[in-house]
Amino acid sequence: MQYAMIHLEEKGVDPIGESKSDYEAVGEIAKKLGLYEQYTGGKTVDEWIKHGYETSDVDDMVSWEQLKEKGYYVVPTRKDWEEDPAGMIAFYNDPDKNPLSTPSGKIEFYSERLAKNFPDDYERTPVPQWIEKSESHDESFSSERAKKYPLLIMTNHGRWRIHAQCDDIPWTREIPTCKVKGEDGYMYEPCWLNPKTAAERGIKDGDIVRVFNERGSVLCGARVWERLMAQVAYVDHGARTDWIIPGKLDRGGAINLISPEMITSKNCTGQATTGYLVEVEKVTMAQMKSWRDQYPEAFEREYNPDSGLCFDAWVEKGGN
């Protein structure tokens with residue numbers, strides 16, 4: 001058992017327009033592919049929820065009726081927990097009698113499974129190693145692209161939200177590392193820059209900046225501090241999109257929009273979203289005015305600086 005509590009999730013609101021849950025949305029795709037029965041396993045959503053309970057190892061601790069009534073169950077600490085061996089101590093004491101789940105039963109620095117199943121994958125080798133560039137990625141300072149995009153951008157989980165959740169909380173949006181108030185009154189996602197890097201581009205703290213590469217552009221607010229090394233930019237990922245030019249220019253600070261499109265390797269579908277080449281330039285009010293003139297609908301969405309884009313900016317109205 002790997003958890004301390006289970007709970008039943010209830011829907012927050014009834015569906016609006018044509019909105020669907022993740023499960024239902026994927027189900028619609030499965031229907032188009034002729035895989036709906038295989039996808040659902042012949043079960044309804046409620047039946048899958050109960051199946052989760054029945055395979056959770058707590059069905060002998062709390063009944064389904066009790067769980068539905070209370071909504072959650074806290075798994076009690078086992079009375080003899082102090083008698084459990086710590087960590088991998090059994091393997092440490094006798095690795096032959098207590099093998100691991102690896103092919104050799106030992107701790108492997110060389111992955112036999114990768115070597116056997118993907119012998120031609122030079123990006124994900126049996127022994128972990130630094131790979132400067134590959135057929136999937138070329139995002140280092142040694143790249144020819146670095147002449148045009150000379151900054152390495154780092155993107156991590158934001159401190160003030162969970163992905164896009166909580167990005168609309170007014171009291172955190174007032175924090176200087178959460179949002180930067182631009183000259184136009186819009187609350188931009190911070191782009192951290194070293195003073196040297198910023199000075200080379202005529203950028204001052206609080207300026208609106210465009211972070212871009214050949215994949216597109218994202219507007220941010222400059223946060224010029226010594227806390228970042230030169231030749232590096234930093235933008236948290238997870239901000240909500242606010243397109244000015246769909247697919248080309250975003251105002252919301254959703255930096256993943258310009259991250260590498262390829263997967264980690266040809267056999268591994270991991271994302272490569274934490275370090276890649278970009279350039280950063282200052283945005284003038286004249287540039288902003290030209291965008292307003294060309295794309296007025298993008299600036300007419302209901303927006304509140306305290307919480308960001310409002311409900312009507314996100315939901316397309318549809319019939320029930």
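Tutor: Let's begin with Asp207: its relative accessible area is 12%, so Asp207 counts as buried. Keep in mind that this is a predicted model.

Student: Okay, which residue forms a salt bridge with Asp207?
Tutor: Side chains of opposite charge can pair when their charged atoms come close. For Asp207, the closest N and O atoms of the pair are 3.8 Å apart, and the partner is Lys282.

Student: How many residues apart in sequence are the parts that this pair ties together?
Tutor: Asp207 sits in the loop between helix 8 (195-200) and strand 7, while Lys282 belongs to strand 12. So the bridge ties together parts of the chain whose separation in sequence is 75 residues.

Student: And Lys282, is that buried or partly exposed?
Tutor: Buried would need under 20% relative accessible area. Lys282 has 31%, so we call Lys282 partly exposed.

Student: What about Asp242, which residue does its side chain meet in a salt bridge?
Tutor: Asp242 is buried, at 3% relative accessible area. Its partner is in the loop between helix 9 (285-294) and strand 13 (303-304), 59 residues apart from Asp242. The N to O distance is 2.6 Å, and the partner is Arg301.

Student: Lys179 and Glu189 form a salt bridge too; how far apart are the closest N and O atoms?
Tutor: Both ends are tucked away: Glu189 is buried at 1% relative accessible area, and Lys179 is buried at 5%. The closest N and O atoms of this pair are 2.8 Å apart.

Student: How many salt bridges does the structure hold?
Tutor: Some share partners, and in that way Glu139, Arg145, Glu214 and Arg215 are joined into one network. The count for the structure is 25.

Student: Last one: is Asp60 buried or exposed?
Tutor: Asp60 is in the loop between helix 3 (45-54) and helix 4 (64-70). Together with Glu54, Asp57 and Asp59, Asp60 forms a negative surface patch. Its relative accessible area is 66%, so Asp60 is exposed.

How values were computed: Residues numbered from 1 in each chain as written. Predicted model: local features only at pLDDT ≥ 70, side-chain atom pairs only at ≥ 80, totals over all residues. Heavy atoms only, no water. Patch = residues over 30% accessible without salt bridge, like charges linked within 9 Å, V, L, I, M, F, W, Y side chains within 5 Å. Areas by Shrake-Rupley, 256 points an atom, 1.4 Å probe, with all protein chains shown as cover. Salt bridge = Lys/Arg side-chain N within 4 Å of Asp/Glu carboxyl O. Lys, Arg positive; Asp, Glu negative; His and termini not counted. Charge placed at Lys NZ, Arg CZ, Asp CG, Glu CD. Helix = DSSP H or I, 4+ residues; strand = E, 2+ residues; numbered from the N terminus. Buried < 20%, exposed > 50% of the residue type's maximum accessible area, 1.4 Å probe, protein only.
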